[in-house]
Amino acid sequence: MKITTTRFGELEVDKKDIIEFTEGLLGFENLKKFFIVDPGDQTLILWLQSTDDAGTAFPIIEPKIFQPNYMVKLLPVELNSLALENLQNASVYTVLTIPQNVTEMSANLKAPIIINNKTKMARQIVLQDSKLEVRFKMYMDLKKYIVNYSNNVSDDSKRTNVAATSRENAGPTVVQTPGVASTTTKNNSPEAN
């Protein structure tokens, strides 16, 4: 199916890659369906794009990238709401806030997005751990990871399990990340407002 977005233009998205938030996201409860866009840049930041609102896309990232010790502990009722027994078959993302001064970038560690990789059901869950921050400053940690990652691995396909496809192809390509499909496009790198 074709989905028009403000940030990425028109994208071709497979129906099986649509992620459903039955409760919506915090502050955006009316938006239920999203998909993940990988802009193909070196930042490791992905975008959670709404299928219903072309102008709504949230920058997200796997918290383990910049915070290796980050742990998500869900209550049994929270696991059940996603049809999960544990987090083994789930992907965990944090929503980023990217201000004009990018060095002030922060991640919401308190309310991660949990996606059941099999059913594509998802929720943003506010964790009970009072030590977790809503605005965790993570720019320097991410920068260190990117520098180390670039030095150790020259090919992003090792992290994302990319099938051998040409990056020169015009238009979007489906990239299979561990358990979650995302769409990538060759447009210019998006900037967060």
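## Overall composition

Accessible areas here come from the Shrake-Rupley method with a 1.4 Å probe. On that basis, the accessible surface of the protein chain comes to about 10500 Å², and carbon and sulfur atoms account for 50% of this area. The structure is a predicted model.

The protein chain contains three helices and 13 strands. It has 193 residues, of which 44% count as buried. Among the contacts in the protein chain with a separation of 6 or more, 54% are made by residues 24 or more positions apart.

## The nonpolar cores

In soluble globular proteins, nonpolar side chains tend to be buried together. In this model, the largest nonpolar core has 33 residues. Those with the most contacts inside this core are Ile45, Phe66, Leu96, Ile114, Met138 and Leu142. Strand E4 (33-38), strand E6 (57-61) and strand E7 each supply at least two residues of the core. A second, separate core has 15 residues, including Ile19, Leu25, Ile113 and Ala122.

The surroundings of Ile45 may be examined in detail. When residues up to four places away in sequence are not counted, Ile45 touches Pro39, Pro59, Ile60, Ile61, Leu96, Ile98, Met105 and Leu142. Two of these neighbours, Leu96 and Leu142, are also named among the residues with the most contacts inside the largest core.

## The pairing of strands E1 and E2

Strand E1 (residues 2-5) and strand E2 (residues 9-12) pair in the antiparallel sense over four bridges. A hairpin of three residues joins E1 to E2. Within this pairing, Lys2 stands opposite Glu12 in E2.

The side chains of Lys2 and Glu12 also meet in a salt bridge, with a distance of 3.0 Å from N to O. Because Lys2 lies in strand E1 and Glu12 in strand E2, the pair ties together parts that are 10 residues apart in sequence. Lys2 is exposed, with a relative accessible area of 58%, whereas Glu12 is partly exposed, at 39%.

## Arg123 and its neighbours

The count of salt bridges comes to four. One of them joins the side chains of Arg123 and Glu23, at 3.4 Å from N to O. Arg123 lies in strand E10 and Glu23 in the loop between strand E3 (19-21) and E4, so the pair ties together parts that are 100 residues apart in sequence. Glu23 is partly exposed, with a relative accessible area of 43%.

Arg123 itself has a relative accessible area of 16%. Because buried means under 20% relative accessible area, Arg123 counts as buried. A polar contact of 2.7 Å joins the side chain of Arg123 to that of Ser81. With residues up to four places away in sequence left out, Arg123 touches Phe21, Glu23, Glu78, Ser81, Leu82, Pro112, Ile113 and Ile114.

## A salt bridge between Lys137 and Glu104

Lys137 forms a salt bridge with Glu104, and the closest N and O atoms are 3.5 Å apart. This pair links distant parts of the chain, 33 residues apart: Lys137 is in strand E11 (residues 136-137), and Glu104 is in the loop between E7 and strand E8 (106-107). Lys137 counts as partly exposed at 48% relative accessibility, and Glu104 is partly exposed with a relative accessible area of 38%.

## Two residues with positive phi

Most residues other than glycine have a negative phi. Ala83 has a positive phi near 55°, although it is a residue other than glycine. Ala83 lies in the loop between helix H1 (76-81) and strand E7 (90-97). At 52% relative accessibility, Ala83 counts as exposed.

Lys120 is not a glycine either, and its phi is positive at about 65°. Lys120 is placed in the loop between strand E9 (113-116) and strand E10 (121-124). Is Lys120 buried or exposed? Lys120 is buried, with a relative accessible area of 11%. Both residues therefore lie in loops, but Ala83 counts as exposed and Lys120 as buried.

Conventions: Residues numbered from 1 in each chain as written. Predicted model: local features only at pLDDT ≥ 70, side-chain atom pairs only at ≥ 80, totals over all residues. Heavy atoms only, no water. Buried < 20%, exposed > 50% of the residue type's maximum accessible area, 1.4 Å probe, protein only. Contact = heavy atoms within 4.5 Å. Polar contact = N/O pair within 3.5 Å; in protein donor to acceptor, adjacent residues only side chain to side chain. Core = buried A, V, L, I, M, F, W, Y, C linked by side-chain atoms within 4.5 Å. Pairing = 2+ DSSP bridges.
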